[in-house]
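This report describes selected strands and residues of one protein model. Please view it alongside the sequence and the coordinates.

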Amino acid sequence: FFFFKQKTAYEMQRGLVGSEMCIRVRFINMEKKEALEAPRVFIPTKSILTVAHKSTSGEAGTENFCVQFDPDDRYFAVGSSDGCVHIYNALTGKRNILMDPHPLPKMAVTCLKWRPRTSEAKSSILVSVSANGYLSYWHSSTGKCITTIKDANDSELYCLDYKKDGTVLAVGGRDNEVKIIDDNTKSQISSLKVMGDINMGHTNRVFAIKFTQDPNVIVSGGWDNVVYLWDIRETKSIGYFFGPHICGNSIDVKDDIMVTGSYSNKDCLQLWSISQKKLIETIRWNPGEEGDYEHGFLYAASFDKIAGANHYIAAGGAGKNELKTVSYTHLTLPTIPLVQIQWVAETYKKK
């Protein structure tokens with residue numbers, strides 16, 4: 001996993017909060033959950049694994065805002081504060097390709113996604129969104145920009161995600177809306193937003209979007225402390241999860257479980273059941289250190305890409321520049337998803 005802190009425009013203007021993360025160790029075992037009667041908090045008890053630093057990649061004078069591995073995990077793309085996208089070799093850590101947005105305004109690249117590999121489309125296409133309001137398609141092997149799309153509302157863009165078949169993508173940003181884009185025509189299909197008393201929607205910036213296991217349903221979250229469920233066919237909200245304060249790429253979905261990472265020192269890492277629209281677990285970030293109000297404040301949270309019953313969650317935050325990894329087992333029952341959880345790693349701020 002690679003995680004880079006995403007700053008808000010407010011932080012950039014005032015030079016707030018660094019983005020470096022390194023690694024140290026602490027791990028826990030969790031008791032097995034017997035029944036899902038109410039959300040519970042799990043506490044770490046035992047160290048079990050060590051994570052070691054492998055390599056550091058980056059360019060002098062720039063800050064990294066987002067990162068994505070390609071489908072084969074051979075390369076990873078990094079979006080930086082200078083408006084460029086950098087492609088690095090995952091084995092060597094060396095840069096292979098520089099993608100320069102010239103002549104577009106050079107503002108921070110806030111999110112990256114590789115187009116899903118299908119029988120009709122290759123996976124060499126990388127898509128980025130930026131604070132300049134442009135969605136850009138890149139050919140990753142040559143570094144050339146294929147096309148750009150300017151946001152209809154001239155809004156800063158902060159997040160995007162692809163439908164699994166690569167036909168549609170969703171983007172979100174400063175204007176509180178989620179836009180659905182046709183990948184073939186490169187045009188906007190619809191906008192998911194508040195519509196008077198008819199449709200609920202975001203009332204503040206949107207920083208994270210994710211398609212669920214239902215290809216027509218997405219989740220989105222931002223500064224308004226609500227994660228919304230949307231049906232892109234009906235262009236309306238079909239549910240919500242109240243609580244998560246999302247400030248970066250800190251929503252992910254695996255099967256029926258959603259993980260959220262909140263920019264908060266309380267209840268910052270949580271698991272939710274999408275089908276039941278309810279909280280499953282709150283994972284305590286710094287057990288035994290409840291009086292330490294600098295911990296947490298998450299900007300990133302993600303599941304692993306491994307199929308099967310054993311999964312991992314990685315989450316990173318700006319409170320103490322920590323990265324932690326959670327190991328958990330999803331036990332599938334007819335109506336109640338049960339989860340066994342244990343911490344496996346955390347990171348620390350470089351001294």
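Strand 19 (residues 257-261) is mostly covered, with five of its five residues buried. Helices (H or I, at least four residues) and strands (E, at least two) are DSSP runs, numbered from the N terminus. Buried means under 20% relative accessible area, exposed over 50%, and partly exposed in between (1.4 Å probe, protein chains only). This is a predicted model, in which local features need pLDDT of at least 70 and side-chain atom pairs count only at pLDDT 80 or more, while totals for chains, interfaces and linings use all residues. Residues are numbered from 1 along each chain as its sequence is written, and side-chain values use heavy atoms, with hydrogens and water left out.

Both faces of strand 19 are covered: Ile257, Val259 and Gly261 are buried on one side, and Met258 and Thr260 are buried on the other. Strand 19 runs antiparallel to strand 18 (residues 251-254), to which four bridges join it. Two strands pair if DSSP finds at least two bridges between them. Within this pairing, Asp252 has Val259 of strand 19 as its bridge partner. Strands 18 and 19 form a hairpin with two residues between them, and Asp255 in the turn has a positive phi of about 55 degrees. Strand 19 is also joined to strand 20 (residues 269-273), by five bridges in an antiparallel arrangement. There, Leu269 of strand 20 stands opposite Gly261.

## The sheet 6-7-8-9

Four strands form an open sheet in the order 6-7-8-9, with antiparallel pairing. Its edge strands, strand 6 (109-114) and strand 9 (144-150), each pair on one side only. On average, neighbouring strands of this sheet are turned by 20 degrees against each other, direction ignored; axes are lines fitted to C-alpha atoms, for helices over the stretch in contact, and angles run from 0 to 180 degrees between N-to-C directions. Five bridges connect strand 7 (residues 125-130) with strand 8 (residues 134-139) in the antiparallel sense. One of the residues involved is Val129, whose bridge partner in strand 8 is Leu135.

Asp161 is found in strand 10 (residues 157-162). A polar atom of the Asp161 side chain lies 2.8 Å from the backbone nitrogen of Phe211. Contact means heavy atoms within 4.5 Å. Beyond its neighbours within four places in sequence, Asp161 is in contact with Lys113, Val168, Leu169, Ala170, Ile209, Lys210 and Phe211.

Gly166 is placed in the loop between strand 10 and strand 11 (168-173). With neighbours within four places in sequence left aside, Gly166 is in contact with Pro116 and Asp183. The C-alpha atoms of Gly166 and Thr118 are 7.4 Å apart, although the two residues are separated by 48 residues along the chain.

## Cysteines

A search of the whole structure finds zero disulfides, a disulfide being a pair of cysteine sulfur atoms within 2.5 Å. The cysteine sulfur closest to that of Cys111 belongs to Cys66 and is 6.0 Å away, so it is too far for a bond. Cys159 is in no disulfide either, and its nearest cysteine sulfur, that of Cys111, is 6.4 Å away.

| Residue | Relative accessible area |
|---|---|
| Cys111 | 4% |
| Cys159 | 2% |
| Asp161 | 6% |
| Gly166 | 8% |

Conventions: Polar contact = N/O pair within 3.5 Å; in protein donor to acceptor, adjacent residues only side chain to side chain.
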